[in-house]
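Please read the following walk through one protein with the sequence and the 3D view side by side.

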Amino acid sequence: MYLKKVGPQRAEVLAKECNIRTYGDLLHYYPRKYVDRTKVVKVRELQAEGYVTLVGKIYAVESVTTKRGRGRLTAVFKDSSGTLELNWFRAVNWLKKSLRTNEEVAIFGKVSLFNGHPSMSHPEIDYLEGDQTNRLNIVPSYPSTEKLGRLGLDSRGFRQLTAQLLLEPGFHLQENLPAYLLERYRLMGREAALRQLHYPETFSHLEQARRRLKFEELFFFQLMLAKRRSQRVHANEAPPFPTVGEKFHTFYNDYLPFSLTNAQKRVLKEIRKDMGASQQMNRLVQGDVGSGKTMVAFMSMLIAIDNGYQAALMAPTEILAEQHFRKLSDYAEPLGLTVALLVGGQRKAHRRNVLEKLASGEAHITVGTHALIEDPVVFHKLGMVVVDEQHKFGVKQRARLWQKGRPFPHNLIMTATPIPRTLAMTLYGDVDVSIIDELPPGRKPIKTVWRGESRRLEVWGFIKKELQRGKQAYVVYPLVEESEKLDYLAAVEGKEKLENYFSEYRVGMVHGRMKPEDKEIEMQLFLQNKLNMLVSTTVIEVGVDVPNSTVMVIENAEKFGLSQLHQLRGRVGRNDEQSYCILMSGPKVSNQGKARLQAMVDTNDGFQIADTDLQLRGPGDFLGTRQSGLPEFQLANIAEDQAILQEARKAAFAIFEADPAFEHDEHAMLAQYEQAFSHRYNTLA
């Protein structure tokens, strides 16, 4: 309020519209773009439409009434080479009073050509004499609103305020990064960066300023994560499992159904080290569909069991829980271990029996949905928890499962949705990340093609050849109208067409309106090869592994996200047979839709797919991360600033490890700024 050119009225509107209440808030109200006024053109050079800057004087301001009775303001702009007509159709009376003629101005706007004659409507005008913020250089453009504009706080008004702030007597900003970091990463000083961000001397200076301020944002966020991780490690005690014992070795030596990949061995080694400590393991295991995450999880559970504890696996859907239950039961049976299943809808007697096994310790491994976190569920001695696709569970749901063990159980998170490394470092910055980046030997890459409606009969002919070979196919329909009913009807209509064409084959169907037991029957028929084709909607996840299925057809594929397309593709290619994914698209596909489909055709690498997805959608929408606690940085963009993020993370974690209390003189300022950042992001999980 006390900054020159603000006052009480403007201060009130700035607070309401922009959350600007202090000098610091104004300083961090960043321009959204810049106009390069160093490139000035002459009127005679205007030969094409586009945005330009011209310098000259305004003459002959005149208001005109159009045929429809509306007011229009016209003026003549003149430089040494010629004249240009200027037009305004809004705020005519106010503009007529405020326009100053015969003064040197810079005008910026879009030139339009009519019958070869140039004109410009609603140009941005800056008077060059006596106003240092409008000199011919790189001029910042600030976001504004209608309410701000009424008080003269348009982009020009904000330039006046920021210029006034930077000219305040004694203006100085404390540096908040240690000098050795500035030198090591060649970063501009903080005050210099903010001055250059608002009034850059050159675009090179602007880029250096942006890099410095992005580093600062990411550094303090990573410093907060380092502190949070340290607090979690020291606060969350867990039972140490020093023994890798009989069950683990027996399974590894006698019953392992296939050789582990080097990636699986590496991740298991990391998990074994974590579980040997008395602090809670909190590790995220990323791996493509079919990379062997479940095997790693099972062998990790055996470590807990060999040390006298139980293990639990929580999956987001009943279908996935049942799939895990079957797979883990197959692995556990020769070891004499009991695996229990706990999902909603079980009969009371059966459920009571499962609960008794959990409480007595008879169930060594329990697989379930969110039913595992309900109050009646009591474990005898829970020592390890595995959460599959954890982004589908809330923070409180995961925490409630931890409460079932005392001390805390070790925590392993699995996801088959590859997350770009930069996003993992931000979303899961206080979690250790392991990556299974290798598929089992003998797997052939899935061949992916993109076909339009005109080639449908060709596609169906290809599917028929695969069915004649005794193979099976999926056909998946998208959620079109955010309506389960319409979704269901589209799939039913598709099933009828398929049954007509593939009349000699059996076509099954699963959708979100079916009872769980009916879905299970259809799934089992498909698994047992009693159905040749399975039509599915996306209300449910197609979570059953059917090695005999070699074709995945995705209808209206342009309506799916990239990660979802990749997940669906991963339902085939589960053996050493050649498998195929066919993306069917409608007649109108957006440019982003085309980019997604082409990315699927170009690569099978889930992490490359995830990087492309992050670039296309941006971090805010990736995996619904707005709900997952992803911060919204002012300048930094984790999709584009990967190199800066890695530097900032390395620096932050190194400092926290060496000086967690910020006791060294060169780190004294970090405590204050880290607290401010922690407060800003205190809602993050």
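In helix H12 of this predicted model, the buried residues are Ile319, Leu320, Ala321, Glu322, Gln323, His324, Leu328, Ser329, Tyr331 and Ala332. The helix runs over residues 318-332, and its 15 residues reach 20 Å from the first C-alpha to the last, which is close to the 21 Å expected at 1.5 Å a residue. At the start of H12, a side-chain oxygen of Thr317 comes to within 3.2 Å of the backbone nitrogen of Leu320, and Leu320 is itself one of the buried residues of the helix.

Stepping back to the whole protein, the secondary structure comes to 23 helices and 21 strands, and the C-alpha atoms fill a box of roughly 95 × 70 × 45 Å, taken along the principal axes. Of the 685 residues, 54% are buried, while the accessible surface comes to about 32,400 Å², with 48% of that surface belonging to carbon and sulfur atoms. Where contacts between residues at least 6 apart in sequence are considered, 74% of them join residues at least 24 apart.

One example of residues brought together from separate parts of the sequence involves Asp306, which lies in helix H11 (residues 293-306). Asp306 and Thr243 are 63 residues apart in sequence, yet their C-alpha atoms are 6.9 Å apart in space. Leaving aside neighbours within four places in sequence, Asp306 is in contact with Val244, Gly245, Glu246, Lys247 and Phe248.

Asn282, found in strand S9 (residues 282-287), counts as buried because its relative accessible area is 7%, and buried means under 20%. Not counting residues up to four places away in sequence, Asn282 touches Arg232, Trp402, Asn411, Ile413, Val431 and Asp432. With one of them, Asn411, the contact is a polar one between the two side chains, at 2.6 Å.

Charged side chains also pair up, and a search of the whole structure finds 28 salt bridges. Glu453 and Arg456 meet in one of them, at 2.7 Å from N to O; Glu453 is partly exposed, with a relative accessible area of 47%, whereas Arg456 is buried, at 15%. Arg455 and Glu458 form another, at 2.9 Å from N to O, and here Arg455 is partly exposed at 35% relative accessibility, as is Glu458 at 44%. In the salt bridge between Glu466 and Arg469, the closest N and O atoms are 2.9 Å apart; Glu466 is buried, with a relative accessible area of 6%, while Arg469 counts as partly exposed at 45%. Beyond such pairs, Glu124, Asp126, Asp154, Arg156 and Arg159 are linked in a network of salt bridges.

Finally, which residues make a nonpolar surface patch of about 390 Å²? The patch is made by Met1, Tyr2 and Tyr23. Tyr2 is found in the segment before helix H1 (7-18), and Tyr2 counts as exposed because its relative accessibility is 73%, where exposed means over 50%.

Key:
Residues are numbered from 1 along each chain as its sequence is written. This is a predicted model: local features need pLDDT of at least 70, side-chain atom pairs count only at pLDDT 80 or more; totals for chains, interfaces and linings use all residues. Side-chain values use heavy atoms; hydrogens and water are left out. Patches are made of residues with over 30% relative accessible area and no salt bridge: like charges are joined within 9 Å, nonpolar side chains (Val, Leu, Ile, Met, Phe, Trp, Tyr) within 5 Å. Accessible areas come from the Shrake-Rupley method with a 1.4 Å probe; for residues, only the protein chains shown count as cover. A salt bridge is a side-chain nitrogen of Lys or Arg within 4 Å of a carboxyl oxygen of Asp or Glu. Helices (H or I, at least four residues) and strands (E, at least two) are DSSP runs, numbered from the N terminus. Buried means under 20% relative accessible area, exposed over 50%, partly exposed in between (1.4 Å probe, protein chains only). The expected span of a helix is 1.5 Å times one less than its number of residues. A polar contact is a pair of N or O atoms within 3.5 Å; within protein, one must be able to donate a hydrogen and the other to accept it, and residues adjacent in sequence count only if both atoms are side-chain atoms. Contact means heavy atoms within 4.5 Å.
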